[in-house]
Structures are given as structure tokens and as C-alpha cells.
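I will jot down what I look up as I go.

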Amino acid sequence: MKTLKTSTNKQALVTGASGLIGTELCRRYIAAGFKVYGLDKTAGKLKDPNYKFLKCDLGKASSIQKALSKLRSIDVVINNAADTDLTFKSFSSLTLKNWQRGLAVNLTSHFIIAKLTYAWLKKAKGSMVNIASTRALMSEPDTLIYSASKGGIVALTHSLAITWGPDVRVNCISPGWIAGPEEKLKPEDHAQHPAGRVGKASDIAEQAFFLTSEHAGFITGQNIIVDGGMTRKMIYI
Ligand SMILES: NC(=O)c1ccc[n+]([C@@H]2O[C@H](COP(=O)([O-])OP(=O)(O)OC[C@H]3O[C@@H](n4cnc5c(N)ncnc54)[C@H](O)[C@@H]3O)[C@@H](O)[C@H]2O)c1
């Protein structure tokens, strides 16, 4: 796809900004001239005059409120953070506390950020993208909390889109396997994908950038699957 570059004085908010996909999201918006606010529990590697890191525990409403109190307007919100520590925990070891924490970080934070940024997004005729997962649609064993939270994001996305339209468009992206440069991948990891390769963080950043641009003005409430075709592949072994 042709790179869409614009010069702008717009502002973007990205959660999970220090992680693999979050860092690439921040870079994409900075490259397009945005001032980017990155929320995360830990600071990442990104250093740029147009990047402002805001330390925040997305599992706590008060921490999100404190971080967002530094902002006065926003054009784009990307809810990208997720607590992946609970992803592969055996059903028998899972506690109610794990469930509540997992949903607080992965899903409730989206609701809180929606409440806190709506007036700004409406004023800017802005756009929100939520990062879900193909695990909202299919599962491996022991992914209960993660999968449930991602399914919630898909539903929250269309509900927000219908509630906020026509002022603010809201979409979500469901990534498949997205690997960082340090991940050791085998030829068969790539070959199993109909697209012939494992995904890169830029695959998600480019899709998010498109969805929040005016080029996607007729797209809202959707769950865009970016997984190299894996959820379309029938497997019988
Ligand atoms: N990488 C993949 O293969 C893949 C696949 C499907 C979906 N996703 C989704 O994409 C998004 C980004 O994933 P990633 O691969 O970059 O993961 P990552 O672990 O590299 O990044 C997640 C970031 O969220 C932050 N975070 C976690 N809990 C937090 C909290 N309580 N408060 C503040 N920040 C917190 C982490 O510090 C980290 O920087 C996630 O929503 C993930 O579920 C990723």
C-alpha cells in the first residue's frame, strides 16, 4: 500500500506504547506529523521530540485519569495495551482475582479511556482503533481471560461506533501472529500462513493509520482481521 504521509498538528494517544506493536504505532503517527502520547506501565525505547511518555497502570481507573489529565485534546485514540501474562495459564490455576485484573487492563481500560476522550474525539471528528485479537474468534487451550477480553473489545467497538456515529468512527483490528525482530522464526512458522509469512508490527500500525485516516471515512464498527489469512484456513490433521 502507498504510504499515506501528511503534515499535521494532530495528537494521538496510544496505550501499551512501549511494547512491540505500540512502539510501531507511535512511530507511524510521529512519521505522519502527529504529537503522540504513549501510555504504558514501563517506559520504552522511543525517544522523539513529538513523543511524550505517560506512566500509567491501565488496570486502575485513577491511574488512567491521572495520565489523561495532562491532555487537552486528542484526534486519535489507539487502545493497544494488553496484559498477556495471564494468556496461557491453566484453567485450574486461574482465580477470580486474575479474571478481574485481566479484564480491567484488557477491556475496562478501553471503556474508561472512551469516557475520558469522547468529548475531544467528537470535537476533532476523530477516530478510535481498539486492538483485539484473532483469539476473540478462535482459541487454543488456556486462554480464557485473554480471549474473553478480546471478544469484549470486538463488541465494545461496534457498540461505541453506533453510539458515537457520525461524529467519531470506531474500529478494531484483530492481529494474528505478530513477531518482533528478535523472535527466532522457523521456515514452517511463515509457511503455515496463507500470506506466506508471520506478521510484523508495521502490518498493524499501517492498518491502524489507515483506519484513522480520512481514507477510511466509510468504515466504522468493524473488526479488521490482519492475520495473514490464518482464520480462513481449514485444518484437519
Ligand atoms: N503480538 C501478537 O502476536 C498479537 C496478536 C494478537 C493481538 N495482539 C494484541 O496487540 C496488542 C499489542 O501486543 P504486543 O505484541 O505489542 O504486546 P507487548 O507485550 O509487546 O506490548 C503490550 C504493552 O502493554 C503494556 N501493558 C501491559 N499491562 C499494562 C498495564 N496494566 N498498564 C499499562 N501498560 C500495560 C506492556 O508494558 C507492554 O508495553 C495487545 O493488545 C495484544 O493483545 C498481539
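**Entry 1: Pro175.** I started with Pro175 and found its place in strand β6, which covers residues 169-175. A reminder to myself: this is a predicted model. Is Pro175 buried or exposed? I get 22 C-beta neighbours inside 10 Å, so Pro175 counts as buried. The cut-off I apply for that call is 20 or more.

Next I asked which residues Pro175 touches, leaving aside neighbours within four places in sequence. My list reads Ile131, Ser133, Gly199, Ile204, Val226 and Asp227.

**Entry 2: strand β1.** I then moved to β1, residues 11-15, and noted that 5 of its 5 residues are buried.

**Entry 3: partners of β1.** Which strands does β1 pair with? I found β2 (residues 35-40), running parallel to β1 and joined to it by 5 bridges. In that pairing I see Gln11 opposite Lys35. I also found β4 (residues 76-79), paired with β1 in the parallel sense over 3 bridges. There, Ala12 stands opposite Val76.

**Entry 4: helix α1.** I followed the chain on to α1, residues 20-31, and noted that β1, α1 and β2 make a right-handed β-α-β unit. For its 12 residues, I get a reach of 17 Å from first C-alpha to last, close to the 16 Å expected at 1.5 Å a residue. I listed the buried residues of α1 as Ile21, Gly22, Thr23, Glu24, Leu25, Cys26, Arg28 and Tyr29. Just after the helix, I spotted Gly33 with a positive phi of about 95°.

**Entry 5: the ligand.** How many residues surround the ligand? I count 24, and the closest are Gly16, Gly19, Leu20, Ile21 and Ala82. Ile21 was already in my notes as a buried residue of α1. I checked which element gives the most to this shell, and it is α1, with 3 residues. By class, I wrote down 11 nonpolar, 9 polar and 4 charged residues around the ligand.

Technical notes
Residues are numbered from 1 along each chain as its sequence is written. This is a predicted model: local features need pLDDT of at least 70, side-chain atom pairs count only at pLDDT 80 or more; totals for chains, interfaces and linings use all residues. A residue is buried if 20 or more other C-beta atoms lie within 10 Å of its own, exposed if 12 or fewer, and partly exposed in between; C-beta atoms are placed from the backbone. Helices (H or I, at least four residues) and strands (E, at least two) are DSSP runs, numbered from the N terminus. Two strands pair if DSSP finds at least two bridges between them. A crossover is right-handed if, with the strands pointing away from the viewer, the path from the first strand over the helix to the second runs clockwise. A residue is near a molecule or strand if its C-beta atom, placed from the backbone, lies within 6 Å of it. Ala, Val, Leu, Ile, Met, Phe, Trp, Tyr, Cys and Pro count as nonpolar, Asp, Glu, Lys and Arg as charged, and the others, Gly among them, as polar. The expected span of a helix is 1.5 Å times one less than its number of residues. Two residues are in contact if their C-beta atoms, placed from the backbone, lie within 7 Å.
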